[in-house]
Amino acid sequence: MALCSVGRPLLLNTRNSLGCFFKQKQTFCSKANESQEEEIRKKLQLFPGGSIDLQKQESGIAVMTVNNPARMNAFSGSMMTELEERVCELENWTEGKGLIVRGAAGTFCSGSDLNAVRAISNPQDGMKMCMFMQKTLTRLLRLACYRLPLISVALVEGKALGGGAELTTACDFRLMTSDAVIQFVHKHMGLVPGWGGAARLVRIVGSQNALKLLAGVKKVDPDFGNEIGLADGILKVGEGDTLVNTERWLSQFTKGSAPVIRAVKKVVLSGRELALDEALTTERHAFGTVWGGPANLEALALKTKHK
Ligand SMILES: CC[C@H](C(=O)O)C(=O)SCCNC(=O)CCNC(=O)[C@H](O)C(C)(C)COP(=O)(O)OP(=O)(O)OC[C@H]1O[C@@H](n2cnc3c(N)ncnc32)[C@H](O)[C@@H]1OP(=O)(O)O
């Protein structure tokens, strides 16, 4: 039985929440919300185009591609619902260790498809779309909460604008190619982020920098990204295949014992998102899952030195 059915992700959350320290924070738990989600899913399907492709590799690293190059990889409505489906697939990928999120044809993502945005520009639809994307991107960021040790990185080539900039913040790390730009263009669109991008940005770069990026609509190039902690590394264009280089970079975090990596991601996520008491409780539980475990016993037997 699948753990998750895309049409009923709320059921998924209830079932999967046993091992999930975020269960008390889930908000989509009423029948009314469930039917609202279904309603917006149907509406989004009315705006087709592009795709979200997922390639799960034997290495345990998956590549998710935002694929709509004719519109600079803007998110059509159907791509928003496909993103939810792909996240669901990842939640159930027991061999998964890492995820690379990138855009097709050398550019990341230019946000929502403005044609779809115009058609759903009334406040009710906007709120439903916003809740839908917030929930999907939160699930993407919290993949480890579903028993997987997945560590994610956004490979930012070209432009990441608006919702595309928000998508980068739903990954654990961001690597930028030397020609890349991340820009929260929301203010210029008369908006603020609504896909959870502001809340995540504050946690990544701090409130001072977040204010500069959102209120100043500052273009973040790789050097500035590095300076404020938005970029975790810079990939020089022309020095090898960027995807291969990203896989190599990511593998430093995904190699080793899966239960230990899962526990690491859990303590970091809980430290960032929960109140201290709750985070300490989660840390104790995570510690209990690895103490005396195979990786721990092996390290003790080998008398491992950390030179
Ligand atoms: C604000 C938050 C938010 C949300 O919460 O929903 C959003 O994400 S709204 C979208 C924010 N993004 C934009 O406003 C992007 C607007 N587009 C541009 O600034 C440029 O197109 C750019 C910089 C992405 C690329 O410029 P370039 O000169 O390299 O190419 P073109 O402008 O010729 O673009 C090629 C082609 O793509 C279409 N395009 C680009 N972005 C979008 C988009 N977001 N939605 C729909 N279509 C988009 C562009 O119109 C061109 O199509 P064409 O048919 O050739 O005119």
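Me: Which residues make the nonpolar surface patch of about 290 Å²?

Reply: The patch is made by L114, M189 and L191. In general, a patch is built from residues that have over 30% relative accessible area and no salt bridge, with like charges joined within 9 Å and nonpolar side chains (Val, Leu, Ile, Met, Phe, Trp, Tyr) joined within 5 Å; the accessible areas come from the Shrake-Rupley method with a 1.4 Å probe, and for residues only the protein chains shown count as cover. This is a predicted model, in which local features need pLDDT of at least 70 and side-chain atom pairs count only at pLDDT 80 or more, while totals for chains, interfaces and linings use all residues. Residues are numbered from 1 along each chain as its sequence is written, and side-chain values use heavy atoms, with hydrogens and water left out.

Me: How many residues surround the ligand, and which are the closest?

Reply: A residue is taken as near a molecule or strand if one of its heavy atoms lies within 4 Å of it. Here 18 residues surround the ligand, and the closest are S110, S112, L114, G163 and H186.

Me: Why is strand 6 described as largely enclosed?

Reply: Five of the five residues of strand 6 (residues 173-177) are buried, so the strand is largely enclosed by the rest of the structure. F173, L175 and T177 point one way from the strand and R174 and M176 point the other way, all of them buried.

Me: Which strands pair with strand 6, and in what sense?

Reply: Two strands pair if DSSP finds at least two bridges between them. Strand 4 (residues 151-156) runs parallel to strand 6 and is joined to it by four bridges, with F173 as the bridge partner of V153. Strand 8 (residues 233-235) also pairs with strand 6 in the parallel sense, over three bridges, and there the bridge partner of T177 is L235.

Me: In what sense do strand 1 and strand 2 pair?

Reply: Strand 1 (residues 51-56) and strand 2 (residues 61-67) pair in the antiparallel sense over six bridges, and S51 stands opposite N67 in strand 2. Their hairpin has four residues between the strands, and in it G60 takes a positive phi near 90 degrees.

Me: How many salt bridges does the structure hold, and with which residues does E37 form them?

Reply: Side chains of opposite charge can pair when their charged atoms come close. By the criterion used here, a salt bridge is a side-chain nitrogen of Lys or Arg within 4 Å of a carboxyl oxygen of Asp or Glu, and the structure holds 16 of them. E37 meets R41 in one of these (3.1 Å, N to O), both residues lying in helix 2 (residues 31-45), four residues apart, about one turn of the helix. E37 also forms a salt bridge with K135, the closest N and O atoms being 3.3 Å apart. This second pair links distant parts of the chain, with E37 in helix 2 and K135 in helix 5 (residues 123-141), 98 residues apart. E37 is buried at a relative accessible area of 5%, and K135 counts as buried at 9% relative accessibility.

Me: Which residues belong to the network of salt bridges?

Reply: E37, E38, R41, E84, E91, K135 and R139 are linked in this network.

Technical notes. Buried < 20%, exposed > 50% of the residue type's maximum accessible area, 1.4 Å probe, protein only. Helix = DSSP H or I, 4+ residues; strand = E, 2+ residues; numbered from the N terminus.
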